[in-house]
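Biologist: I'm new to this one. Can you walk me through it?

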Amino acid sequence: MENLNRITIGGNEYPVKIDLNVLETIQDGYGTINGFERDLLGIRMLKDAEGNQLYEDDGSPRIEITEPSIRAIKLALPAMINEGLAIEADETGSRFVPIGEEQVFRMGGADYETLAGMIHKEFKKCFDTKK
């Protein structure tokens, strides 16, 4: 049985999982996994007037930190909740009942910065390697 993390939104607790299924959804909707992570963290790459990346003296890209992307949150959160619900349904032999995007976001209970942090925490887990 998989040990799923859980998040609470609007007083409701949900299992969450970011795996290849969710990463595919993110990649399809965002283009790149790295671009999604940058937007989720509010990292913006600075470019010159011609659109070329600007660099620091040490050669690292110049960035600015902004607010998390609502688009990134709206793409990932329902997908990772539904993946958790699907896994839980498989393991318990119950029927999988997906939750809609509107239902997730109408519940409220967490600001977008908190949601971005919760998503990123789960996102990082899918890249951890077991030692």
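Modeller: Let's begin with a helix. α5 has 14 residues and reaches 20 Å from its first C-alpha to its last. That is close to the 20 Å expected at 1.5 Å a residue. The expected span is 1.5 Å times one less than the number of residues. Helices here are DSSP runs of H or I with at least four residues, strands are runs of E with at least two, and both are numbered from the N terminus.

Biologist: What sort of model is this?

Modeller: This is a predicted model, so local features need pLDDT of at least 70 and side-chain atom pairs count only at pLDDT 80 or more, while totals for chains, interfaces and linings use all residues. Residues are numbered from 1 along each chain as its sequence is written, and side-chain values use heavy atoms, with hydrogens and water left out.

Biologist: Back to α5. Which of its residues are buried?

Modeller: Leu-115, Ala-116, Ile-119, His-120, Glu-122 and Phe-123. They cover an arc of only 165 degrees around the axis, so they sit on the same side of α5. Buried means under 20% relative accessible area, exposed means over 50%, and partly exposed is in between (1.4 Å probe, protein chains only). The arc is taken from the directions from the helix axis to the C-beta atoms.

Biologist: What covers those buried residues of α5?

Modeller: The cover includes β1, β2, α1, α2 and α3.

Biologist: And what caps the N-terminal end of α5?

Modeller: Asp-111 does. One of its side-chain oxygens lies 3.0 Å from the backbone nitrogen of Glu-113. A polar contact is a pair of N or O atoms within 3.5 Å; within protein, one must be able to donate a hydrogen and the other to accept it, and residues adjacent in sequence count only if both atoms are side-chain atoms.

Biologist: Why does His-120 count as buried?

Modeller: Because its relative accessible area is 11%. His-120 is in contact with Glu-37, Leu-40 and Leu-41, leaving aside neighbours within four places in sequence. Contact means heavy atoms within 4.5 Å.

Biologist: New topic. How many helices and strands does the chain have?

Modeller: There are 5 helices and 4 strands. Along the sequence the pattern is β-β-α-α-β-β-α-α-α. Of the 131 residues, 33% count as buried. The C-alpha atoms fill a box of roughly 55 × 40 × 25 Å, taken along the principal axes.

Biologist: Where's the largest nonpolar core, and which residues have the most contacts inside it?

Modeller: That core has 26 residues, and those with the most contacts inside it are Ile-26, Phe-36, Leu-77, Ile-81 and Ile-119. The elements giving two or more residues are β1 (5–9), β2 (12–16), α1, α2, α3 and α5. The largest share, 8 residues, comes from α3. A nonpolar core is a set of buried Ala, Val, Leu, Ile, Met, Phe, Trp, Tyr and Cys residues joined through side-chain atoms within 4.5 Å. In soluble globular proteins, nonpolar side chains tend to be buried together.

Biologist: What does Ile-26 contact?

Modeller: Gly-31, Ile-33, Phe-36, Leu-75 and Ala-76, leaving aside neighbours within four places in sequence.

Biologist: Now α1. Which residues are buried there?

Modeller: Val-22, Leu-23, Ile-26 and Tyr-30 are buried in α1 (residues 20–30). Seen down the axis, they fall within an arc of 100 degrees, so they line one face of the helix. On the other side of α1, Leu-20 and Asp-28 are exposed. The buried residues of α1 pack against α2 (33–41), α3 (70–92) and α5.

Biologist: How do the ends of α1 look?

Modeller: Asp-19 caps the N-terminal end, with a side-chain oxygen 3.1 Å from the backbone nitrogen of Asn-21. After α1 comes Gly-31, whose phi is positive, near 100 degrees.

Biologist: And α3?

Modeller: The 23 residues of α3 should span 33 Å at 1.5 Å a residue, and the end C-alpha atoms are 33 Å apart, which agrees. Ser-69 caps the N-terminal end of α3, with a side-chain oxygen 3.2 Å from the backbone nitrogen of Arg-71. Just after α3, Gly-93 takes a positive phi of about 75 degrees.

Biologist: Last one. Where does Pro-61 lie?

Modeller: Pro-61 is in the loop between β3 (43–45) and β4 (63–65). Pro-61 counts as partly exposed, at 37% relative accessibility.
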